[in-house]
Amino acid sequence: MAYARKDVVHGGTFAELVTMSVRGVAHKSAALSWDEAGGLPLAGLTALQTLDRLAVSASDAVLVHGGAGGVGALAVQIARARGARVIATASPTNHEFLSDLGATPVAYGDGVVERIREVAPNGVDVVADFVGGVREVTMAVLAVGGRHASIADSTVLETGGSWFWVRPSAEGLAELGRMADAGQLRVPVADVLPLEELPAAFARSREAHVRGKLVISVSD
Ligand SMILES: NC(=O)c1ccc[n+]([C@@H]2O[C@H](COP(=O)([O-])OP(=O)(O)OC[C@H]3O[C@@H](n4cnc5c(N)ncnc54)[C@H](OP(=O)(O)O)[C@@H]3O)[C@@H](O)[C@H]2O)c1
């Protein structure tokens, strides 16, 4: 499994063969199909590095904005594997999916702060934002001394949060693989599409309602 990108932010690729540094490659988990393994590196490393940055542990109540998305669905599972309590936002059609991943689902939109407070009256210790544009919600539910980060909204820096870009990491991929082997992490794949349907896949992704990952399958 590999996240085929240079250390600086740079385009990825869809191709039969690519060259890349061995320090960004890890063995595929036997528990994952090739499609699932293809969907894991970018989203999984982003989720893992966000939770590492936030030092999420078993004593935390964590709010995940966008729990049903590619990054969010993996972050929910990684936080649960660390023993944290997880509350995650999604539309109601994805609430059963989030419950199955071990999160308490909450609908986003009007009244979201009140709904989060209903399930976390003392606020949350950590907020991980995988959506953007939710800073006010974050600050309204974050407990005093809480930590927060966003991968989709650089303005979190103004409120003491972290904002960063995912980096290739063989160690991180190996950790994700071990979690998959241990049954702690599954990769929800919404669809597997052939290379010819790449433009349609991007159009669908941009609508921002894919559950888990879209995977492009390149035949040889
Ligand atoms: N900085 C980085 O290193 C980095 C790395 C990877 C991705 N990103 C960025 O992070 C974001 C997430 O990426 P992704 O691949 O996980 O996206 P994605 O899979 O396309 O996200 C789709 C999900 O977002 C949910 N969603 C849409 N609007 C929402 C809202 N207002 N509140 C809560 N959930 C909402 C949808 O759930 P419903 O259908 O239930 O609405 C859907 O499940 C994107 O902006 C991406 O560009 C940044």
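This is a predicted model: local features need pLDDT of at least 70, side-chain atom pairs count only at pLDDT 80 or more; totals for chains, interfaces and linings use all residues.

Q: Into which domains is the protein chain divided?
A: The chain has a domain 1, made of 22-43 + 167-217, and a domain 2, covering 45-163. Between the C-alpha centres of domain 1 and domain 2 the distance is 21 Å.

Q: How many residues of domain 1 and domain 2 are in contact?
A: On the side of domain 1 there are 17 residues, and these are in contact with 15 residues of domain 2. Helix 2 and helix 7 (170-181) are the elements that give two or more residues to this side of domain 1. Helix 7 gives the most, with 5 residues. By residue class, the side of domain 1 that touches domain 2 has 9 nonpolar, 4 polar and 4 charged residues.

Q: How should I read a sheet, and in what order do the strands of the open sheet lie?
A: The general idea is that strands of a sheet pair through backbone hydrogen bonds, either parallel or antiparallel. In this structure, 6 strands form an open sheet with the order 3-2-1-4-5-6, and their pairing is parallel. Strand 3 and strand 6 (162-163) are the edge strands, each pairing on one side only.

Q: Which residues stand opposite one another where strand 2 pairs?
A: Strand 2 can be followed on both of its pairings. With strand 1 (residues 61-65), strand 2 pairs in the parallel sense over 4 bridges; here A61 stands opposite R85. With strand 3 (residues 104-107), strand 2 again pairs in the parallel sense over 4 bridges. I87 stands opposite T104 there, and the bridge partner of A88 is P105.

Q: Which residues around the ligand come nearest?
A: A68, G69, G70, V71 and S91 come nearest, out of the 26 residues around the ligand. Helix 2 (41-53), helix 3 (70-81) and strand 2 (85-90) each supply at least two residues of the shell. The largest share, 3 residues, comes from helix 3. The shell divides into 13 nonpolar, 12 polar and 1 charged. Both domains take part, since the shell draws at least three residues from each of domain 1 and domain 2.

Q: Why does A81 count as partly exposed?
A: The reasoning rests on counting neighbours: 20 or more C-beta atoms within 10 Å make a residue buried, and 12 or fewer make it exposed. A81 has 15 C-beta neighbours inside 10 Å and therefore counts as partly exposed. A81 has its place in helix 3. Leaving aside residues up to four places away in sequence, A81 touches M179, Q184 and L185.

Q: Where is A55 found, and what is its phi?
A: A55 is found in the loop between helix 2 and strand 1. Its phi is near 50°, a positive value in a residue other than glycine. A55 counts as exposed because it has 11 C-beta neighbours inside 10 Å.

Q: Where is the place of A208, and why does it count as exposed?
A: A208 lies in the loop between helix 8 and strand 8, just after helix 8. Although A208 is not a glycine, it has a positive phi of about 65°. With 10 C-beta neighbours inside 10 Å, A208 therefore counts as exposed.

Key: Residues are numbered from 1 along each chain as its sequence is written. A residue is near a molecule or strand if its C-beta atom, placed from the backbone, lies within 6 Å of it. Ala, Val, Leu, Ile, Met, Phe, Trp, Tyr, Cys and Pro count as nonpolar, Asp, Glu, Lys and Arg as charged, and the others, Gly among them, as polar. Domain bounds come from an automatic or database domain assignment. Two residues are in contact if their C-beta atoms, placed from the backbone, lie within 7 Å. Two strands pair if DSSP finds at least two bridges between them.
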